[in-house]
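Please look over the structure below.

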Amino acid sequence: MKRLVLSLGLTVLACFPSSSTTVEKFTLDDLVQKSGRIIIGKCISRETRWNDRNTLILTTARFAVSQPLKGSSDGFVNVVTVGGTLDGITQTVSGMATFEPEEEVLLFLEPSKNGGWQPLGLSQGKFRILRNKQTGEEEVVHSLSGLDLYDPADRSVSRQEKPS
């Protein structure tokens, strides 16, 4: 009986495909070329709100820019992403970049439809900057979890697995 329940449970799980979002794969050169702004900065605040039609949760992360690498900068930039938690409801988009207050990042940004900025290629446009606890040196971490990357050169798709 236990085997039947386990087998049934595994069958049910197999019926639900894992969540991912397919986007065009960008090289570092692509990110630099296609970005309207490139910055190094620290997230100083994060705010969620409903869109005008109350159909999407949008999160605006505000960054203090420490190094503007491309495009103009007044010292701050607001980055808007789809998803977040508001009014007890959580919306997520697989592969969408998320930000935490005090997080230091290198961002490749493109203009969004609402006049703000968004990460280019979802999480492809976000690189976290961390300090190595052993050496004290800064390291750059790039997480592409939740993305399937389409390479138009060879028409292949590569799935980016979640780290275990």
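The model is predicted. Ser94 has a relative accessibility of 23%, so Ser94 counts as partly exposed. Beyond its neighbours within four places in sequence, Ser94 contacts Ser19, Ser20, Thr21, Leu122, Gly146 and Leu147. Take Leu122: Leu122 and Ser94 are 28 residues apart along the chain, and their C-alpha atoms are separated by 9.1 Å.

**Strand pairing.** Strands β2 (residues 37-50) and β3 (residues 57-70) run antiparallel and are joined by twelve bridges. Ile40 has Gln67 in β3 as its bridge partner. β2 and β3 form a hairpin with six residues between them. In that turn, Asn54 has a positive phi of about 55°.

β3 also pairs with strand β4 (residues 76-82), in the antiparallel sense, over seven bridges. Here Leu58 stands opposite Val82 of β4. Five residues lie between the strands of the β3 and β4 hairpin. Gly71 in this hairpin takes a positive phi near 85°.

**Salt bridges.** How many salt bridges does a search of the whole structure find? The search finds six.

| Pair | Closest N to O distance |
|---|---|
| Arg46 and Glu100 | 3.1 Å |
| Glu103 and Lys126 | 3.1 Å |

Arg46 forms a salt bridge with Glu100. Arg46 belongs to strand β2 and Glu100 to the loop between β6 and β7, so this pair ties together parts 54 residues apart in sequence. Arg46 is partly exposed, with a relative accessible area of 42%. Glu100 is partly exposed too, at 43%.

Glu103 forms a salt bridge with Lys126. Glu103 lies in the loop between β6 and β7, and Lys126 lies in strand β9 (residues 126-131), so the pair ties together parts 23 residues apart in sequence. Are these two residues buried or exposed? Glu103 counts as buried, at 13% relative accessibility. Lys126 counts as buried, at 10%. Glu103 and Lys126 are also linked with Arg128 in a network of salt bridges.

Arg159 is in strand β12 (residues 156-159) and Asp148 in strand β11 (residues 147-151), so the pair ties together parts eleven residues apart in sequence. Arg159 is partly exposed, with a relative accessible area of 42%, whereas Asp148 counts as buried at 8% relative accessibility.

Notes
Residues are numbered from 1 along each chain as its sequence is written. This is a predicted model: local features need pLDDT of at least 70, side-chain atom pairs count only at pLDDT 80 or more; totals for chains, interfaces and linings use all residues. Side-chain values use heavy atoms; hydrogens and water are left out. Buried means under 20% relative accessible area, exposed over 50%, partly exposed in between (1.4 Å probe, protein chains only). Contact means heavy atoms within 4.5 Å. Two strands pair if DSSP finds at least two bridges between them. Helices (H or I, at least four residues) and strands (E, at least two) are DSSP runs, numbered from the N terminus. A salt bridge is a side-chain nitrogen of Lys or Arg within 4 Å of a carboxyl oxygen of Asp or Glu.
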